[in-house]
Each structure stands twice: as structure tokens, then as C-alpha cells.
Amino acid sequence: MTEHRMVINGRGVTFTQGQTILEAAEANGISIPTLCHLKGTTPTGACRICVVEVERARTLLASCATPAAPGMVVQTESPKVVHARRTILELLLSSGNHNCAISGASKGNWTEFQQHVQAGDGADELCPVWGDCRLQELAYQYQVNADRYIHTETEYPMEMKNPLIVRDFSRCIRCGRCVQACNEVQVNRAISFGYRGDASKIVAAGDRALIDSDCVFCGECVQACPVGALVEKKSRYTWRPWKAEKIRTTCPYCGVGCQQW
Ligand code: FES
């Protein structure tokens with residue numbers, strides 16, 4: 001395969017035909033933050049968190065959806081890029097229930113958080129994936145909080161109507177990773193985007209509960225969700241990601257017997 005050359009952050013790197021800027025950067029050990037990008041699926045460019053500055057381009061470009069080109073000169077953390085990422089994060093934090101920035105749990109008071117949960121005292125208001133959330137991680141990395149924009153929240157109620165997956169629409173950032181996981185990785189095509197603007201949500205079978213749709217509860221969407229919008233019911237508020245040991249196992253859900261970590 002022919003190798004081409006480009007410059008990322010002042011460093012000459014090589015890439016192969018067909019790679020995106022993100023792939024070229026990763027292949028050369030340069031990290032670019034992503035949210036909606038799901039490896040191996042069609043890039044949607046939905047979240048824009050991966051934007052980079054490309055010499056002579058009029059706007060910032062989504063690195064996950066822009067092909068690398070020979071001679072390209074890219075900056076991945078320029079002031080312009082960082083400003084854009086901070087704004088995107090602030091907007092995401094203000095649209096929805098992302099209370100990691102304001103709850104006691106965010107201050108690292110895990111004991112207090114567990115006491116709330118055990119007492120059933122507003123447990124649903126606290127995020128079950130605190131400490132294992134890509135949005136929270138990026139907010140921390142770029143030092144932003146949810147205070148800058150007017151806070152909006154969806155009125156779609158939480159869906160608990162099945163034994164395996166909790167859907168919390170208030171925490172969904174509409175990145176579409178779950179849709180890609182369902183449609184492109186598992187090829188189940190059980191979920192898709194529905195409605196528009198503020199009303200947009202991920203829907204199943206028109207707009208029904210997962211249990212009333214073609215969902216086979218393979219759990220691929222839960223794995224793909226970067227926030228707390230899709231959570232496995234039995235692990236909700238019962239374990240912490242950094243305490244878990246990953247093992248290879250057979251998925252117990254639909255009976256196909258897929259191997260997963
Ligand atoms: Fe590239 Fe979302 S990760 S647009």
C-alpha cells in the first residue's frame with residue numbers, strides 16, 4: 001500500500017490512502033478526542049468534538065470524517081480547536097441531564113453517593129455511569145462545566161420496560177453510536193433517529209419500547225453509549241468501572257452466543 005506524507009502538529013507523519021485524519025493521527029500516536037465516532041462504522045460527523053484545524057481550509061474539519069490528503073498540514077489542539085471543543089462540550093452539558101458537574105458525586109464523595117442510592121433518595125437523579133462517561137471525561141480534560149448556557153431537558157420519560165436495558169433519554173447526547181452499533185455492527189436495525197430538533201430522540205419500531213421492537217437485547221448499544229443514556233439494568237448503581245475486571249465471555253442475552261469482552 002502506498003504511503004503518503006502529511007504534517008500533524010508540526011510533525012511529519014505517514015498515512016495510507018483511504019485513512020481519515022483521525023486514523024492517520026491515531027496510527028502515529030497522536031490522540032484526537034472523539035464522541036460519536038464508532039470504529040469500523042460509517043463516520044457521521046455528528047458531534048464535531050474531533051474537529052481539527054487544516055491549513056487553507058475555511059472551517060474546522062471533523063477529523064473522523066475527513067480523508068487525509070498528501071501534504072495536508074493539521075493542528076489538533078490549536079487555540080481555535082480548543083475553543084470549539086469547549087463550546088461543544090458546554091452545549092452538550094447544558095442540553096440534558098448531565099448532573100455530574102453539580103451533584104455531590106462529582107466532588108468525589110462516593111460514600112455519600114452510595115448512601116443516597118441505598119436510601120432511594122433521588123438516586124435516579126444521580127448518574128449511574130459517573131466516572132465512566134466520555135462526556136464527563138472530556139469536560140474534565142477541557143475544564144468546562146454546564147453553567148454557560150441555559151439548561152434544557154427532554155420530557156421523554158426514562159424507559160425501564162424490559163429486564164435488561166434502561167434507556168434514559170435525559171442523558172442522551174444523540175451521538176448516534178447506539179444506532180450505528182445496532183445497524184452496522186449487529187445489523188439488527190432495531191433503532192434509529194426519530195423526530196427533529198429539540199424533540200429528536202433514538203426510537204425503536206416507530207417510537208415504542210425496546211421490548212416491543214425488533215431489539216434482541218444483544219447489548220451492543222449499551223457498550224457503544226458514551227454517556228449514561230443506555231445502561232445495563234443489573235449493573236446500574238451496583239458496580240464501578242474501575243473496580244471491574246474485563247474477561248472474555250459469551251453474551252447471555254439473545255442465544256446467538258457472540259463472544260465479547
Ligand atoms: Fe468526529 Fe464526532 S467524533 S464528529
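A residue is called buried here when its relative accessible area is under 20%, exposed when over 50%, and partly exposed in between (1.4 Å probe, protein chains only). The model is predicted, so local features need pLDDT of at least 70 and side-chain atom pairs count only at pLDDT 80 or more, while totals for chains, interfaces and linings use all residues. Residues are numbered from 1 along each chain as its sequence is written, and side-chain values use heavy atoms, with hydrogens and water left out.

The protein chain holds six helices and eleven strands (DSSP runs numbered from the N terminus: helices are H or I with at least four residues, strands E with at least two). Of its 261 residues, 47% are buried.

Among the buried residues of helix 2 are Val81, Ala84, Ile88 and Leu92. The buried residues of this helix pack against strand 3 (51–54), strand 5 (73–75) and helix 4 (134–141), where contact means heavy atoms within 4.5 Å. Just after helix 2, Gly96 adopts a positive phi of about 130°.

Attention now turns to the aromatic rings. Phe169 counts as buried, at 10% relative accessibility, whereas Tyr156, at 23%, counts as partly exposed. Lys201 has its charged end over the ring of Tyr156, 4.2 Å from the centre, and also lies over the face of Phe169, at 4.5 Å from the ring centre. Such a placement requires NZ of Lys or CZ of Arg within 6 Å of the ring centre and within 35 degrees of the ring normal.
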